[in-house]
Structure formats: C-alpha cells, structure tokens
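Subject: Structure handover

Hi,

Here is the structure for you to look through. My notes follow below it.

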Amino acid sequence: MMAIIGNSGGLRHGSKRIISRTFYYLLQSLMHCRRQQYHLAMVMFSFLTPEVCEELFTPMPPHAELALNGVEVFMNASGSHHQLRKLDIRLRAFIGATHSRGGVYMYSNHQGCDGGRLYYDGCSCVVVNGDVVAQGSQFSIKDVELVVAQIDLDAVASLRGSISSFQGQASCKKKISSVLVPFKLCQSFNLQMSLSSPLKIRYHSPEEEIAFGPACWLWDYLRRSGASGFLLPLSGGADSSSVAAIVGCMCQLAVREIENGDEQVKADAIRIGHYTDGQFPTNSKEFAKRIFYTVFMGSENSSEATKTRAKVLADEIGSWHLDVSIDGVVSALLSLFQTLTGKRPHYKVDGGSNIENLGLQNIQARIRMVLAFMLASLLPWVHSKPGFYLVLGSSNVDEGLRGYLTKYDCSSADINPIGSISKIDLRAFLKWAAIHLGFPSLAEVEAAPPTAELEPIRANYSQLDEVDMGMAYEELSVYGRLRKIFRCGPVSMFKNLCYKWGGNRTPLEAAEKVKHFFKYYSINRHKMTVLTPSYHAESYSPEDNRFDLRQFLYNARWPYQFRKIDELARDLDGDKVAITKSTDQEKVGVSVTTDGGMGVVAAGSGDPRAGF
C-alpha cells in the first residue's frame with residue numbers, strides 16, 4: 001500500500017479513491033483552505049477511518065475502539081500549533097496509537113502562520129505498528145510538501161493476530177457501520193517497489209525551534225501583510241539581538257529555498273525586496289539589506305559596549321543599520337515639563353526619588369517606541385522604496401509575566417517573535433546561533449549581564465535587570481509555569497516551592513519571594529492588555545488577549561493569601577531549611593537533590609525541558 005501525505009495541490013477529487021463519506025466531505029472542504037500548507041492525505045487502503053485533530057489526545061480516542069472493529073488505517077487531519085518541546089508529545093501519541101493494537105496512522109498537519117499568533121509546525125508522518133516510516137519537515141517556508149511511504153498491510157494483520165487479548169476484545173465489540181467499495185487499491189507483490197523502513201525520528205533542539213519556528217512565522221506574516229520589510233530597535237542586548245538573529249535566519253531560509261528551485265518563495269522574495277530586471281536574492285546578507293532596518297537608539301546612559309555589539313551584529317546579518325541619539329528629544333521633553341511645573345526630575349543616583357527615577361527611565365523608553373514607528377513609516381520613502389516596514393518587538397515572556405517593561409515602549413510593536421520565549425531559552429539560543437547561524441558576536445551578547453541602560457552609569461553603580469526586578473530569570477520561569485500551567489495562587493505556589501526549594505532555601509525565603517512576585521505580578525497585570533501580538537512558543541504566556549484570560553485588576557496586597565503564607569512559614573520553622581536527607585531516606589534509596597523535593601504540582605515546573 002502506498003501512503004501519500006501532502007497539501008491539496010497533490011490530490012485529485014476522484015471519489016473512487018475515498019471510502020469514508022465523512023472523510024470525503026472533510027477533504028472537499030479542506031481542498032479550498034488558504035495557505036497554511038495543510039498536509040491532506042489520500043491512501044490506497046483496505047479499511048480506513050478519519051480522526052480529527054484533538055480526538056487523538058482525548059481519554060478515549062476513536063482509534064482505540066475502531067481498531068477492535070478491524071480498522072487498519074487511521075488518518076488525522078490536524079491543526080496542531082508549535083510549542084517548544086511539544087513534538088515529542090505528539091509523536092508519542094501516534095506511536096502509542098498503533099504500538100499495542102497495530103495499524104497505520106497517517107498524520108497530516110497545517111504548516112505556516114494562520115494569520116495570528118500561532119505557527120502550525122507540520123511534521124506530517126506515517127506510523128506503522130508503532131514505527132515511524134515517513135516524517136515531513138517541522139519548519140518550512142515551502143507551500144507544498146509531500147511525504148510518501150510504501151507499507152504492507154499484512155504487517156498490521158500479523159501483529160494483531162499475535163495478540164490474543166486483542167482478538168478476545170475484538171470478538172466482543174459491536175460492529176460499526178462501513179461503506180464497501182469494489183475497488184482494488186493495494187498493489188500486487190512487486191520486488192520493484194521497496195517498503196518503507198522505520199526511521200530514526202528527527203527532533204529539533206529547542207535552540208533550533210527558536211530559530212526556525214519564529215523565522216517561518218515572520219516570513220509568512222511578511223509576505224501576506226504586504227509590508228516591504230522589518231524595522232527593529234537593536235539595543236545590543238540579548239532580547240533584541242535574538243530577534244535580529246531570527247530575522248537573519250529567515251533571510252537564510254528564503255535564499256536556501258530559492259537555491260533549491262522553489263518558484264513561489266522566489267516570487268515572494270522578488271516582490272518583497274523590489275528586485276527588477278530579472279534579479280532575485282542569492283545572498284542572505286544582501287537580501288537582509290533590502291528588507292531589514294536595525295536602529296541603535298542610544299542615550300547618555302548607553303554604554304559603548306552595547307553600541308558596538310549592535311553595530312557588529314547588524315553587519316553580520318546584513319541589515320541597514322542606523323545609530324541615533326535620543327538625548328535631544330529627552331532634553332526637550334524635560335524642559336517642557338520644567339516649564340509647565342517648575343520642577344526637573346533627577347535620577348536616584350543623583351539624589352532623586354523612586355518616582356523621579358522611574359519617570360526618567362520611562363521617557364527614554366517611550367521616545368524609542370515613537371521613533372521606531374516614525375522610521376518604519378518614513379525610511380522607505382527616504383530610500384525611494386514603496387510600501388511600509390513592520391516594527392518588531394523584543395520583550396520576552398518572563399519580563400511580561402513580571403511586568404518588567406514600560407507600557408508603550410519598544411515592547412510595543414507590530415509583532416514580536418520572542419514574546420512567549422523565556423530568557424533562559426533565549427540565552428541558550430544565542431550561544432547556538434553564534435555558531436550555527438554564522439553570527440559570532442552573539443556569544444559576546446549572551447555573556448553580557450542583562451541591563452536596560454536607562455539609568456546613569458557610575459563608578460559604584462550599574463543598572464542590572466535582575467537587581468531591578470528583585471528576582472532571577474530562572475525563578476521567573478518557575479513562577480510562570482506554576483501560575484499559568486498549574487493555576488497556582490500565592491498560597492499553593494508557596495507550598496509547592498517549599499518542596500521545590502526546600503533543600504537549599506528556608507520557608508521564610510520562599511515566602512518572601514512568592515509575595516514579592518505576586519505584588520509586582522498584580523501591579524503590572526494591566527500591561528498584559530496591550531502586549532504586542534507574539535509568536536506563541538510557551539504555554540505560560542501572560543498575554544490576556546488569548547492565552548491568559550485572568551483579570552487585570554488585583555488587590556496587590558493580597559491580604560488573606562500573604563497572611564496565610566506567613567502563618568505557614570512560621571509553622572514550618574521558617575528560618576530553617578525544610579528538607580534534608582535523613583538516614584531513613586538513605587536506607588530506602590530516596591534522593592533529595594539540591595533543589596529539594598517535589599510537590600505534585602511543582603514537578604517539572606522549573607525545567608523547560610519538561611515539555612509544558
């Protein structure tokens with residue numbers, strides 16, 4: 001039997017080939033789908049049934065019952081979006097569907113941007129008796145992809161015949177309705193046709209997922225929006241440098257597909273880059289120069305190191321780079337404020353209050369947002385280019401969760417490719433991209449301590465993000481998973497962190513950290529209502545437009561919850577480490593790591609590799 005998975009361009013409407021009326025209508029409707037590279041499937045088979053997307057992951061999936069009714073081939077027309085480390089969960093479901101009961105599972109999925117925050121990551125595959133025999137790409141900017149496998153249905157019958165429990169359960173099942181069609185689809189025995197063998201499953205590392213997923217999403221968004229390119233405020237820090245590297249990766253993918261003969265990608269690139277006289281992109285840096293502006297918006301608080309890093313990275317990628325000072329605009333606004341009020345604010349290091357200090361930082365941040373949008377709309381005109389440029393944001397998921405951003409600063413943009421990616425994952429990506437994308441300056445960017453550079457640098461003071469936030473980025477990832485995925489409030493989060501951190505932190509320390517987080521989480525929750533639409537890569541995105549529908553007004557004092565936490569901490573002898581490795585634990589082989597024990601909820605909450 002030959003199994004073919006592809007998009008609608010690889011199919012025909014011949015009804016003789018389609019046994020299931022339900023699947024026939026499903027195919028008919030999907031033949032008219034838009035560019036999401038829907039991998040439809042048509043197969044030469046004996047007994048087939050369709051499953052649709054989520055049905056595979058339900059407690060009682062249809063294929064379990066249908067297999068006992070003799071169904072040999074299952075087809076899943078899915079719309080499953082990308083999420084970091086999610087592919088293994090999906091593949092385990094396909095493998096499990098046929099491993100213990102036999103069968104052929106043909107999975108087909110969207111691939112591309114759906115016009116929103118999600119990217120559907122393809123990876124169509126064919127699984128036979130628990131073995132993957134064909135697997136499509138997970139990330140691609142192609143419009144069409146076919147995955148072909150040649151399989152022997154006798155292998156299904158053989159496996160089922162060898163499982164006595166399967167035969168016993170099948171004999172008791174009520175027969176389902178079926179449609180018989182007098183049409184021979186399986187080919188006769190032929191040595192000229194080789195059968196597909198089990199493959200080693202191909203997985204991308206999280207760093208590769210961060211590179212290719214958002215890059216493909218950006219390409220789809222760019223070509224469908226009618227824009228002529230992107231503009232990015234490039235500070236030389238980890239977040240904006242990650243976004244720049246992703247755009248550079250997008251340019252590399254486009255040029256590679258053009259070299260491989262993809263005419264659709266070539267046509268899109270010619271239109272977006274405004275090539276004429278038969279020219280088209282042949283070099284990713286030259287292509288980036290046409291479609292990518294980067295701007296370093298420095299101030300008196302910016303260091304020479306970040307300015308240099310931004311310039312070097314822009315040169316490596318090939319972007320059209322600008323260096324702008326915003327001091328004149330800041331000074332003009334402060335003079336206007338002084339004229340209106342008779343007062344001039346000062347930074348905290350110069351004797352100002354916290355309110356003055358924060359106000360001065362916010363002025364710089366918001367000026368950068370206004371300047372970014374002005375440049376995105378007018379620079380094409382300056383360079384005699386038609387169209388407009390999209391402004392890219394560069395705030396990460398952890399800063400959004402904590403609210404460590406200025407409302408309507410450079411986190412406000414048209415789209416944001418890293419808005420649901422953690423700082424920890426981004427730093428790992430920078431190390432990877434320095435080598436594999438050919439942007440070596442990213443290694444220096446990753447090694448630099450994160451800083452907003454919104455306050456003056458003094459001999460005895462330098463602004464650092466984690467000091468400003470009062471928490472580490474590693475801790476923010478833990479808080480985010482516990483808050484969103486495990487639905488923890490202050491008290492339940494404290495209890496679980498007592499397990500998680502019990503080996504090296506006291507209950508009082510855990511209590512103070514939880515209260516500190518929830519204070520700023522609630523104060524800044526309103527910022528989530530205006531977050532830039534972001535590529536969805538993590539299930540703990542705090543954005544309230546789609547992924548976190550909690551309220552945005554909280555009592556930041558949390559009086560009952562914080563009082564309860566204090567009571568629990570006192571009852572636990574809060575100034576002592578709660579969990580130690582006892583002799584009894586050693587006898588039975590129970591291990592207590594430096595992270596302490598794990599509550600049911602806390603298990604996996606701090607490890608991105610856990611796959612949530």
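Helices (H or I, at least four residues) and strands (E, at least two) are DSSP runs, numbered from the N terminus. This is a predicted model: local features need pLDDT of at least 70, side-chain atom pairs count only at pLDDT 80 or more, and totals for chains, interfaces and linings use all residues. Residues are numbered from 1 along each chain as its sequence is written, and side-chain values use heavy atoms, with hydrogens and water left out.

**Overall**

The protein has 21 helices and 14 strands. Of its 612 residues, 53% are buried. Buried means under 20% relative accessible area, exposed means over 50%, and partly exposed is in between (1.4 Å probe, protein chains only).

The protein exposes about 27,300 Å². Carbon and sulfur atoms supply 55% of that area. Accessible areas come from the Shrake-Rupley method with a 1.4 Å probe; for residues, only the protein chains shown count as cover.

**The parallel sheet**

Look at the open sheet of 4 strands, in the order β13-β12-β11-β14. Its pairing is parallel. Two strands pair if DSSP finds at least two bridges between them. The edge strands are β13 (320–325) and β14 (389–391), each pairing on one side only. Neighbouring strands here are turned by 25 degrees against each other on average, direction ignored. Axes are lines fitted to C-alpha atoms, for helices over the stretch in contact; angles run from 0 to 180 degrees between N-to-C directions.

β11 (residues 229–233) and β12 (residues 292–298) pair in the parallel sense over 4 bridges. Phe230 has Phe292 of β12 as its bridge partner. Leu231 has Tyr293, also in β12. On to the next pair: 6 bridges join β12 to β13, and these strands run parallel. There, Thr294 stands opposite His321 of β13.

How many residues of β12 are buried? 7 of the 7 are, so the strand is largely enclosed by the rest of the structure. Both of its faces are covered. Phe292, Thr294, Phe296 and Gly298 are buried on one side. Tyr293, Val295 and Met297 are buried on the other.

Helix α9 (residues 284–291) packs on this sheet and touches β11, β12, β13 and β14. The direction of α9 makes about 65 degrees with that of β12.

**Two buried residues**

Val127 is found in strand β8 (residues 125–128). Val127 counts as buried because its relative accessibility is 0%. Leaving aside neighbours within four places in sequence, Val127 is in contact with Phe94, Ile95, Thr98, Gly103, Val104, Tyr105 and Val132. Ala97 is 30 residues away from Val127 along the chain, and their C-alpha atoms are separated by 9.1 Å.

Ser240 lies in helix α7 (residues 238–259). Its relative accessibility is 3%, so Ser240 counts as buried. Not counting residues up to four places away in sequence, Ser240 touches Leu232, Pro233, Leu234, Ser235 and Ser394.

Most residues other than glycine have a negative phi. Here are two with a positive value.

- Cys123 has phi near 60 degrees. Cys123 sits in the loop between β7 (119–121) and β8. With a relative accessible area of 1%, Cys123 is buried.
- Asp277 has phi near 55 degrees. Asp277 lies in the loop between α8 (263–273) and α9. Asp277 counts as exposed, at 76% relative accessibility.

**Cavities**

Rolling a probe the size of a water molecule over the atoms shows where empty space is left. On a 1 Å grid over the protein atoms alone, a cavity is a set of points where a 1.4 Å probe fits but cannot get out; lining residues have an atom within 4 Å of a point. Grid points are joined across faces, edges and corners, and a volume is the space filled by probe spheres set on the points.

By this rule there are 5 cavities of 30 Å³ or more. The largest cavity has a volume of about 80 Å³. Which residues lie nearest the centre of the largest cavity? They are Ser395, Asn416, Gly419, Leu531 and Ser534, out of 13 lining residues.

Best wishes

Methods:
Contact means heavy atoms within 4.5 Å. On a 1 Å grid over the protein atoms alone, a cavity is a set of points where a 1.4 Å probe fits but cannot get out, and a pocket is an open set with protein on both sides within 12 Å along at least five of seven lines; lining residues have an atom within 4 Å of a point.
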